[in-house]
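Here is my note on this model, point by point. Please keep the coordinates open while you read.

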Amino acid sequence: MNDQVTESGVELTNVQKAAVLLISLGEADAAEVLRYLGQKEVQQLGLTMSNLDNIPQSTVEAVMADFMEAISDQTSIGINNDHYIKEMLSQALGSDRAQTLVDRILMTTNTSGLESLKWMDSRQVAEIIRYEHPQIQAVVIAYLDPDQAAHVLQRFDENVRLEIMMRITSLDQIQPSALQELNDILESQFSGASSQSASLGGLKTTANIMNYFDSNIEQELMEKIREVDEALGDQISEMMFVFDNLIDVEDRGIQVILREINTDTLVVALKGAETGLQDKIFKNMSKRAAELLRDDLEAKGPVRVSEVEDAQKEILNVARRLADEGEIVLGSGGEEMM
């Protein structure tokens with residue numbers, strides 16, 4: 001969509017434009033769109049919708065120009081948004097799945113303390129747990145989604161990160177009473193229902209979090225873990241999904257990934273890839289596209305290692321998202337896609 005500017009002269013962001021469009025579509029159609037978005041995307045849109053106010057009709061028409069031939073003369077933007085968002089998210093996700101999300105978006109009172117943290121940005125979570133005992137920090141970090149956990153940990157210094165990650169690795173079963181006590185502490189700020197989960201942490205959780213660190217932090221942390229326990233570092237490394245592991249993804253999965261990666265990023269990433277992985281990528285492209293990619297690789301001059309690592313990390317993030325959405329299967333080349 002083209003940029004739109006409100007009557008006050010403020011340009012709408014892409015998220016705001018998407019929120020305007022969804023609110024204008026009506027509950028049923030907007031809910032159908034939201035079914036295809038990830039949970040964090042729905043959260044971001046919901047928060048934006050709840051904050052929209054006094055959007056002029058001319059702006060709504062401009063936002064919708066690319067999608068509809070005409071719109072109604074009236075919109076209800078800014079009118080009873082809370083009720084609208086509740087109804088729309090319930091249709092999109094089902095009442096049970098939507099409840100936690102709705103609670104967080106609308107700041108109501110039915111979200112559990114631990115679950116509330118999943119809907120905060122990394123800075124907020126880091127500040128909440130910064131002065132807690134490292135074991136409590138480890139439990140909280142293990143409870144978060146891996147990508148969010150990595151972003152929170154990046155806000156601590158390297159020594160704290162190391163201690164927390166070592167504690168996460170040794171976590172296994174948390175007594176329900178201990179988890180409930182932690183949940184109650186957090187609910188002193190965020191009231192709501194109790195958590196049911198008592199199984200947190202372990203090697204797999206540690207490896208998943210490591211996957212989402214920036215390359216330099218990942219490397220530094222892995223070196224420090226190996227200094228403490230070399231065998232443990234090797235176990236974590238074996239469980240991590242790295243760029244070269246893409247060679248084990250079945251062909252249709254590679255094709256799905258390639259549709260979401262721009263050529264420049266792919267060229268830089270492949271500069272540091274094994275020949276076997278390069279061949280797999282070429283095989284899953286059209287003949288013409290593969291030839292162009294080979295030409296680009298040959299013409300590309302020297303690239304910094306950090307640039308290669310960043311490009312590979314970007315592609316891995318796409319692959320993990322697609323795997324989370326059930327579009328592909330990682331690390332199982334012979335299996336059918338989910």
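1. Helix 16 gives the most to the lining of the largest cavity, with three residues. Helices here are DSSP runs of H or I with at least four residues, strands are runs of E with at least two, and both are numbered from the N terminus. By class that is eight nonpolar, no polar and no charged. Nonpolar covers Ala, Val, Leu, Ile, Met, Phe, Trp, Tyr, Cys and Pro; charged covers Asp, Glu, Lys and Arg; the others, Gly among them, are polar.

2. The ground rules come next. This is a predicted model, where local features need pLDDT of at least 70, side-chain atom pairs count only at pLDDT 80 or more, and totals for chains, interfaces and linings use all residues. Residues are numbered from 1 along each chain as its sequence is written, and side-chain values use heavy atoms, with hydrogens and water left out.

3. How many cavities of 30 Å³ or more does a search of the whole structure find? The search finds one. The volume of the largest cavity is about 40 Å³. On a 1 Å grid over the protein atoms alone, a cavity is a set of points where a 1.4 Å probe fits but cannot get out; a pocket is an open set with protein on both sides within 12 Å along at least five of seven lines; lining residues have an atom within 4 Å of a point. Grid points are joined across faces, edges and corners, and a volume is the space filled by probe spheres set on the points.

4. Now the chain as a whole. The protein chain has 20 helices and zero strands. Of its 338 residues, 44% count as buried. Buried means under 20% relative accessible area, exposed over 50%, and partly exposed in between, with a 1.4 Å probe and protein chains only. Take contacts between residues at least 6 apart in sequence: 71% join residues at least 24 apart. Contact means heavy atoms within 4.5 Å.

5. Back to helix 16 (251-258). Its buried residues are Gly253, Ile254, Val256, Ile257 and Leu258. The cover over them includes helix 17, helix 18 and helix 20.

6. Helix 18 spans residues 275-283. Leu277, Gln278, Lys280, Ile281 and Phe282 are buried there. Their cover includes helix 16, helix 17 (263-270) and helix 19 (287-299).

7. Check Lys280 in helix 18. Why does Lys280 count as buried? Lys280 counts as buried because its relative accessible area is 12%. Beyond residues up to four places away in sequence, Lys280 touches Leu246, Ile247, Val249, Glu250, Asp251 and Ile254.

8. The second largest pocket holds about 480 Å³ of space. Its lining has 21 residues, and the closest to its centre are Ser215, Glu218, Val242, Glu309 and Gln312. Two elements give two or more residues to this lining: helix 14 (215-228) and helix 20 (305-324). Helix 20 gives the most, with seven residues. The lining divides into eight nonpolar, six polar and seven charged residues.

9. Helix 20 also holds Ala311. Ala311 counts as buried because its relative accessibility is 7%. Ala311 touches Thr265, Val268 and Ala269, not counting residues up to four places away in sequence. Ala311 and Leu270 are 41 residues apart in sequence, and 8.8 Å apart in space, C-alpha to C-alpha.

10. Asn211 belongs to helix 13 (residues 203-211). Asn211 is buried at 5% relative accessibility. Leaving aside neighbours within four places in sequence, Asn211 is in contact with Met240, Phe241, Lys313 and Arg320.

11. Two charges sit over rings. The charged end of Arg320 sits over the ring of Tyr212, 5.0 Å from its centre. The charged end of Arg294 sits over the ring of Phe282, 4.0 Å from its centre. The test asks for NZ of Lys or CZ of Arg within 6 Å of the ring centre and within 35 degrees of the ring normal.

12. Last, Val33 in helix 2 (residues 27-34). Val33 is partly exposed, at 36% relative accessibility. Its contacts, leaving aside neighbours within four places in sequence, are Leu22 and Leu25.
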